[in-house]
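Keep the 3D view open as you read.

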Amino acid sequence: MKLTLNVSLAGKTAVITGAGGVICGCMAKVLAEAGANVAVLDINETAAKKVAEEITAAGGTALAVGCDVLSAESLKEAHELVARTYGRCRILVNGAGGNNPRATTAGEFFDSSQLGREKTFFDIDKESWKFVFDLNFTGTFLTTQEFARDMLGGEACSIINIASVNTFLPLTKIPAYAAAKEAVGNFTKWLATYFAGTGIRVNAIAPGFLSTHQTQALFYEADGVTPTPRLKKIIEGTPMKRLGQPEELAGALLFLLNDEASSFITGTVLPVDGGYTAYSGV
């Protein structure tokens, strides 16, 4: 990847959740390339170890930690391990999240003929809603509560939350995920204000639609080539007329962590979406 933009994070301890996945795994590698000691946190410890191994193989420093961001006890144990290994956290990237079919509607618009035949808004149960909302929002809250203590009294400390285009424009069919990501954007601004006098800057990155193996089934038919109707709508609504790549988030990440380039920036949610949130459709 080798995209550091001359940003040095040497000696800093960076904690990133959801880092066993494609997007945050990519971010973890970017942080390591910039010199940070990276704690790769994920509920899937095997996936976290794979990313950490790739980082160390490339000459970086990384520690894989199995961690459930919805468990205060798990977060505390992860924090203690990171502190023993690398010292106090100076950079926190809250990336754990995702959607689940249990909190998804079958159609984009409600029609009474769907009742009893397709999954509608009325069929989403409380537990399914809570699972998706908590994973994306409450996990960010609990992780920040645990690791931000390290940053108090420190210098050039940053929290980066991973928001979404849903933070600005709720997508159809995924109400719990969309609501949670808007909450992440609001929480980012609240934290930025609350911590403004401590030296901690808090910002968020809002990725647009990215091409990953996780989005393959959503964007392409079974043949792996033919675009689904949803992908066609996404491309039509994206002025740059393409999907993004996970690596294209690296510049925004490093910019927001650079205390020289962005020292007066806090409380912002930066879209990296090919213009999706800027386009009205007409």
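What follows is a short tour of some helices, salt bridges and surface spots.

## Before we start

This is a predicted model, so a few ground rules apply: local features need pLDDT of at least 70, side-chain atom pairs count only at pLDDT 80 or more, and totals for chains, interfaces and linings use all residues. Residues are numbered from 1 along each chain as its sequence is written, and side-chain values use heavy atoms, with hydrogens and water left out.

Helices (H or I, at least four residues) and strands (E, at least two) are DSSP runs, numbered from the N terminus.

Start with helix H3, residues 72-86. (The expected span is 1.5 Å times one less than the number of residues.)

Which residues of H3 are buried? They are Ser74, Leu75, Ala78, His79, Val82 and Tyr86. Looking down the axis of H3, you'd find these buried residues within an arc of 135°, so they line one face of the helix. (The arc is that of the directions from the helix axis to the C-beta atoms.) The cover over them includes strands E1 (13-17), E2 (37-42) and E3 (61-66), along with H4; the contacts here are heavy atoms within 4.5 Å. On the face turned away from the buried side, Glu73 and Arg84 are exposed. After H3 comes Gly87, with a positive phi near 95°.

## Helix H5 and its neighbours

Helix H5 (residues 175-194) has 20 residues. From first C-alpha to last it reaches 28 Å, close to the 28 Å expected at 1.5 Å a residue. Its buried residues include Tyr177, Lys181, Phe187 and Leu191. What do the buried residues of H5 pack against? The answer is H4 plus strands E5 (157-162), E6 (200-207) and E7 (269-272).

Now find Lys189, which also sits in H5. With a relative accessible area of 48%, Lys189 is partly exposed. Leaving out residues up to four places away in sequence, Lys189 touches Gly267 and Val269. Lys189 and Ala156 are 33 residues apart in sequence, and their C-alpha atoms are 18 Å apart in space.

## Helix H7

Helix H7 has buried residues on one side: Arg230, Leu231 and Ile234. Seen down the axis of H7, they fall within an arc of 95°, so they line one face of the helix. These buried residues pack against helix H6 (216-219). On the other side of H7, look for Pro229, Lys232 and Glu236, which are exposed.

## Salt bridges

How many salt bridges are there? The count comes to 8, if we take a salt bridge to be a side-chain nitrogen of Lys or Arg within 4 Å of a carboxyl oxygen of Asp or Glu. One of them joins Lys29 and Glu54, at 2.5 Å from N to O. This pair links distant parts of the chain, with Lys29 in helix H1 (residues 22-33) and Glu54 in helix H2 (residues 45-57), 25 residues apart. Lys29 is partly exposed at 27% relative accessibility, and so is Glu54 at 30%.

Another salt bridge brings together Glu108 and Arg230, at 3.4 Å from N to O. Glu108 is partly exposed, with a relative accessible area of 29%. Arg242 and Glu248 form a salt bridge too, and their closest N and O atoms are 2.8 Å apart. Salt bridges that share partners also tie Lys29, Lys50 and Glu54 into one network.

## Out on the surface

Phe110, Leu115, Phe121 and Phe122 make up a nonpolar patch on the surface, with about 480 Å² of accessible area together. Patches use residues with over 30% relative accessible area and no salt bridge, joining like charges within 9 Å and nonpolar side chains (Val, Leu, Ile, Met, Phe, Trp, Tyr) within 5 Å. The areas come from the Shrake-Rupley method with a 1.4 Å probe, and for residues only the protein chains shown count as cover. Leu115 itself lies in the loop between strand E4 (89-94) and helix H4 (126-147), and counts as partly exposed at 46% relative accessibility.

Technical notes
Buried means under 20% relative accessible area, exposed over 50%, partly exposed in between (1.4 Å probe, protein chains only).
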